[in-house]
Protein chains: 2
Amino acid sequence: MATPSIKEVAHRAGVSVGTVSNVLNRPAIVAPATRQRVLDTIQALGFVRNEAARNLRVGRGRTVGLVVLDVANPFFTDLAEGAESLAYEHDTVVMLCNSKTDPVREGHHLDQLEQQRAFGILITPFDSNDPRLRGLVARGTPVVLVDRAADGGLCSVSVDDKLGGRLAGTHLIESGHRRIAFIGGPLTMQQVADRQAGLTTTVEQAGDVALEIIEVEVMGVAHGRAVGEDLAALSPRSRPTAVFCANDLLALGFLQAMAAANLRVPQDVAIVGYDDIGFAAAAAVPLSSVRQPAGLLGRTAMELLQEEVEDADRHRHRQVIFQPDLVIRQSSDFVRR
Amino acid sequence: MATPSIKEVAHRAGVSVGTVSNVLNRPAIVAPATRQRVLDTIQALGFVRNEAARNLRVGRGRTVGLVVLDVANPFFTDLAEGAESLAYEHDTVVMLCNSKTDPVREGHHLDQLEQQRAFGILITPFDSNDPRLRGLVARGTPVVLVDRAADGGLCSVSVDDKLGGRLAGTHLIESGHRRIAFIGGPLTMQQVADRQAGLTTTVEQAGDVALEIIEVEVMGVAHGRAVGEDLAALSPRSRPTAVFCANDLLALGFLQAMAAANLRVPQDVAIVGYDDIGFAAAAAVPLSSVRQPAGLLGRTAMELLQEEVEDADRHRHRQVIFQPDLVIRQSSDFVRR
DNA sequence: CAGCGGGATTTAGACGATTCAATTCGGCGC
DNA sequence: GCGCCGAATTGAATCGTCTAAATCCCGCTG
């Protein structure tokens with residue numbers, strides 16, 4: 001009933017376990033006739049290789065952990081897609097882990113992955129200085145930071161978030177806005193901080209623009225809507241005329257609140273989001289957004305990881321940085337005078 | 001450099017490996033002083049338990065595979081969320097696998113999970129009669145079908161899709177529609193077939209309603225948009241006045257196409273989707289949708305799995321079926337006369 | 001015909017944790 | 001002082017696979 005082991009296969013095929021193992025791992029070196037006989041026996045017995053035993057022997061697994069902040073955010077699923085496509089080629093498996101922007105959950109996932117002796121970990125960390133990450137690496141599990149720049153000690157793949165913030169800021173200021181709000185959080189997260197910093201820089205250069213920072217705990221639709229409801233309640237004079245949301249989910253939620261309050265987008269309030277997820281273009285008012293190449297990020301991260309493992313000595317850590325684009329759609333396509 | 005083994009810990013703490021193992025697995029039976037000493041050593045050495053070795057010995061892992069048709073579909077991420085919440089309580093880990101409605105990818109994931117001696121598998125299969133699934137179970141990996149009813153040989157958790165189809169059909173017919181289109185696919189997928197069957201039944205009962213079935217390969221936004229573009233090109237006389245999409249992504253795509261073609265929703269074309277994902281309510285025109293309790297599905301599936309493993313003998317397979325609700329929003333809120 | 005080369009196959013020893021039967025030890029009752 | 005009990009701890013076997021070194025076998029060469 002239990003699946004047979006390599007030993008039973010060997011016995012039934014009249015060969016030794018070593019040969020069966022060779023058929024599995026280096027088929028080229030075993031004689032064609034023998035190979036076929038073993039393969040047939042494997043078929044007949046329904047043998048399934050025991051990865052646990054293999055990992056134990058080899059000392060390392062073939063699972064790549066991909067720890068993201070929010071699986072419900074299409075940005076991350078696109079990213080996962082990219083990573084997975086490459087993993088497949090390297091005969092490795094991606095395990096998608098959702099930290100939900102919660103350091104505790106994140107830690108839990110990291111523990112699990114380390115116990116499994118994961119092949120490596122791709123992570124969008126809550127805090128990229130978390131000593132835990134260094135610990136992982138020190139103990140032998142390679143880590144690549146995703147959507148977050150590392151400082152030399154690690155490989156990383158990221159997007160220039162400050163530039164993203166500047167792009168959004170420049171666009172809004174050039175469109176005539178003089179009261180702008182930034183929505184995002186937690187501000188301790190580097191990505192968020194950078195997007196905000198980019199915007200802030202631009203605002204300061206412009207001189208006569210008022211900027212309000214609104215921090216949220218979690219960047220989901222619900223929080224965006226909540227902030228939107230608050231702003232909608234303000235008088236038109238004190239309300240910002242444009243908001244820049246640190247991701248599209250916030251922006252979509254915010255947009256819903258505007259619709260509910262009968263405020264016009266972009267005339268009463270312009271909105272720019274971040275990530276350019278598929279739903280952004282499909283929103284009630286198509287959403288302007290700072291686009292990040294999610295799939296490419298994932299693919300590149302996996303590439304760095306495989307490279308790091310394959311020749312560990314020659315490897316030097318690299319930090320790859322991509323450029324974001326601003327995609328202007330209806331939600332901010334209005335010049336205020 | 002490599003993480004130390006239980007043996008080193010034992011040596012450094014001046015006890016035997018058996019005791020260390022006991023500290024890890026049955027702390028209660030070891031003397032407090034010894035326990036503390038061992039724990040301190042574990043800390044000091046940075047020992048991390050090797051899951052592979054554990055699994056090998058125990059014969060089964062602690063990973064639960066959750067194989068879904070599309071991770072980008074919020075319905076499935078909600079489902080995953082539900083499953084994960086329960087997994088945590090049982091000291092087990094969820095591995096999210098994306099089959100992308102592709103039997104080959106699905107098979108690949110199943111192979112991986114079986115090789116890992118997964119604790120169990122929760123799957124929304126492409127084809128629920130796939131003999132592979134029976135094979136898995138026969139060889140000892142428990143399987144629970146999700147969002148799909150099983151026929152006694154397996155546990156399953158599903159939603160009454162025929163009822164969902166009837167709810168949508170009744171609503172549209174009562175709203176005065178007499179030319180209705182169904183969009184979904186592949187029709188070989190039970191869920192899709194059932195949703196269509198429910199609609200068809202209702203249409204036949206009404207007598208004077210024309211029904212068109214439009215099959216798509218994949219139920220994503222892009223395909224919905226494509227179908228929408230085709231229908232928009234028809235003359236108003238031949239065009240259906242209402243469409244029922246087998247999931248919300250299709251519906252959202254379809255909605256985009258209507259907007260692009262300057263057709264009014266719901267006046268020119270009414271739309272009802274399926275799943276009631278978060279984005280449905282946030283769409284350009286808030287989307288009517290047949291709601292499924294995604295989180296509950298996931299949670300219940302995990303419950304059945306744990307139950308099945310915990311007392312394998314007493315266990316009888318169960319098929320849990322939930323009822324869907326129709327949520328009427330603006331996209332179909334219009335009575336045609 | 002002895003010896004050799006080399007491809008094919010076998011053998012045996014890890015890998016690290018779990019488990020359970022066996023052992024040790026201190027104390028307690030008689 | 002003896003024997004016994006139970007709690008705490010030990011030790012060894014085991015899980016299934018990989019791998020490096022050893023062996024086997026054949027045909028060929030000199």
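What rotation superposes chain B on chain A, and with how much shift along its axis? In this predicted model, the rotation is 180° and the shift along the axis is 0.0 Å, with an RMSD of 0.1 Å.

**View 1. The axis that relates chain A and chain B.** Two copies of a chain are related by a rotation about an axis and a shift along it. Here the superposition of chain B on chain A, by 180° with 0.0 Å of shift, is the relation of a two-fold axis. Within chain B, the C-alpha nearest this axis belongs to B:Ala284 and lies 1.4 Å from it. Both copies use the same surface, since 100% of the contact residues of chain B recur in chain A.

**View 2. The contact between the two chains.** Chain B and chain A each bring 36 residues to the contact. On the side of chain B that touches chain A, at least two residues come from each of H4, helix H5 (74-89), strand S2 (93-98), helix H6 (103-115), helix H11 (248-260) and helix H12 (278-281) of chain B. H4(B) gives the most to this side, with five residues. By residue class, the side of chain B that touches chain A holds 19 nonpolar, twelve polar and five charged residues.

**View 3. The surroundings of DNA strand C.** DNA strand C is surrounded by 27 residues, the closest of which are A:Gly18, A:Thr34, B:Ser5, B:Ile6 and B:Ala53. Two or more residues are given to this surface by helix H2 (17-25) and helix H4 (51-58) of chain A, and likewise by helix H1 (6-13), helix H2 (17-25) and helix H4 (51-58) of chain B. H2(B) gives the most, with six residues, and the surface near DNA strand C divides into twelve nonpolar, ten polar and five charged residues.

**View 4. The surroundings of DNA strand D.** Around DNA strand D there are 28 residues, and the closest are A:Ser5, A:Ile6, A:Ala53, B:Gly18 and B:Thr34.

**View 5. The packing of H2(A) with H3(A).** H2(A) packs with helix H3 (residues 32-45) of chain A at an angle of about 90°, the two axes being 10 Å apart, and the two helices are therefore roughly perpendicular to each other. A:Thr19, A:Val20 and A:Val23 of H2(A) make the contact with A:Thr34, A:Arg35, A:Val38 and A:Leu39 of H3(A). Of the residues in this contact, four are nonpolar, two polar and one charged.

**View 6. Backbone details in loops of the two chains.** Most residues other than glycine have a negative phi, and most peptide bonds are trans. A:Asp91, which is not a glycine, has a positive phi of about 60° and lies in the loop between helix H5 (74-89) and strand S2 (93-98) of chain A. The peptide bond from A:Val265 to A:Pro266 is cis, with omega near 10°, and A:Pro266 is found in the loop between helix H11 (248-260) and strand S9 (270-275) of chain A. In chain B, the bond from B:Val265 to B:Pro266 is cis with omega near 10°, and B:Pro266 is in the loop between H11 and strand S9 (270-275) of that chain.

Technical notes: Residues numbered from 1 in each chain as written. Chains lettered and ligands numbered in written order. Predicted model: local features only at pLDDT ≥ 70, side-chain atom pairs only at ≥ 80, totals over all residues. Least-squares fit on C-alpha atoms with pLDDT ≥ 70 in both. Contact = placed C-beta atoms within 7 Å. Near = placed C-beta within 6 Å. Helix = DSSP H or I, 4+ residues; strand = E, 2+ residues; numbered from the N terminus. Nonpolar A, V, L, I, M, F, W, Y, C, P; charged D, E, K, R; others polar. Axes fitted to C-alpha atoms, helices over the stretch in contact; angles between N-to-C directions. Parallel < 35°, antiparallel > 145°, perpendicular 65-115°, else oblique.
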